[in-house]
Amino acid sequence: MGRGSSCGGGGGGRLYVAGVFVGGVGGLALSTTAHGGMVSSLGFATLAVAWVATTATGLVMVRSGRIAEHRKWMVRSFALTFAAVTLRLELGLYGFLEIDIPFEVAYAAIAWLCWAPNLLVAWLLTRTDQLGWVRAAERP
């Protein structure tokens, strides 16, 4: 695995980190214009900050040679990256089920539900060695 790259070398990890930093700053700026008012704005702003923070932590871990910890933080980062997909799935489900909740109210909830459960699952999977990464990273 190349230094600074979580994708086995070739700079893929660096590209991911750069993309997250650009996307996180953009997401934070755009969060102020979210539909659904302050609750939605706070949800998306928190997502942007958490996305950058988990990625930055993963970067610090790999640069200090803590590969198992790096992998855990990057799984958490990717769970937040996947929030865009989760958001669209939840919006589609809202429309499909024709729930009798105003869109602004539903969107305010989805602004949090598109990322918080993703991060919770990633956190639980990486909190212990559920994925076997600590042992794999410690092998010579």
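Predicted model: local features only at pLDDT ≥ 70, side-chain atom pairs only at ≥ 80, totals over all residues.
Which helix gives the most residues to the nonpolar patch?

Residues are numbered from 1 along each chain as its sequence is written, and side-chain values use heavy atoms, with hydrogens and water left out.

**Whole chain**

Begin with a cartoon view of the protein. Its secondary structure comes to seven helices and zero strands, where helices (H or I, at least four residues) and strands (E, at least two) are DSSP runs numbered from the N terminus. Of the 140 residues, 34% are buried (under 20% relative accessible area; exposed is over 50%, and partly exposed lies in between, with a 1.4 Å probe and protein chains only).

**The core**

Select Phe 44, Leu 47, Leu 80, Ala 83, Leu 87, Cys 114 and Trp 115, which touch the most other members of the largest nonpolar core, a set of 15 residues. A nonpolar core is a set of buried Ala, Val, Leu, Ile, Met, Phe, Trp, Tyr and Cys residues joined through side-chain atoms within 4.5 Å. Helix 2 (37-63), helix 4 (83-97) and helix 5 (103-113) are the elements that give two or more residues to this core, and helix 2 gives the most, with four.

Centre the view on Ala 83. Leaving aside residues up to four places away in sequence, Ala 83 touches Leu 47, Cys 114, Trp 115 and Asn 118, a contact being heavy atoms within 4.5 Å.

**Thr 55**

Move to Thr 55, in helix 2. Thr 55 is buried, with a relative accessible area of 0%. Beyond residues up to four places away in sequence, Thr 55 touches Tyr 16, Val 17, Val 20, Met 74 and Ser 77.

**The surface patch**

Finally, select Leu 93, Phe 96, Leu 97, Ile 99, Ile 101 and Val 105, a nonpolar surface patch with about 580 Å² of accessible area together. Helix 4 gives the most to the patch, with three residues. Ile 101 lies in the loop between helix 4 and helix 5 and is partly exposed, with a relative accessible area of 38%.

Key. Patch = residues over 30% accessible without salt bridge, like charges linked within 9 Å, V, L, I, M, F, W, Y side chains within 5 Å. Areas by Shrake-Rupley, 256 points an atom, 1.4 Å probe, with all protein chains shown as cover. Salt bridge = Lys/Arg side-chain N within 4 Å of Asp/Glu carboxyl O.
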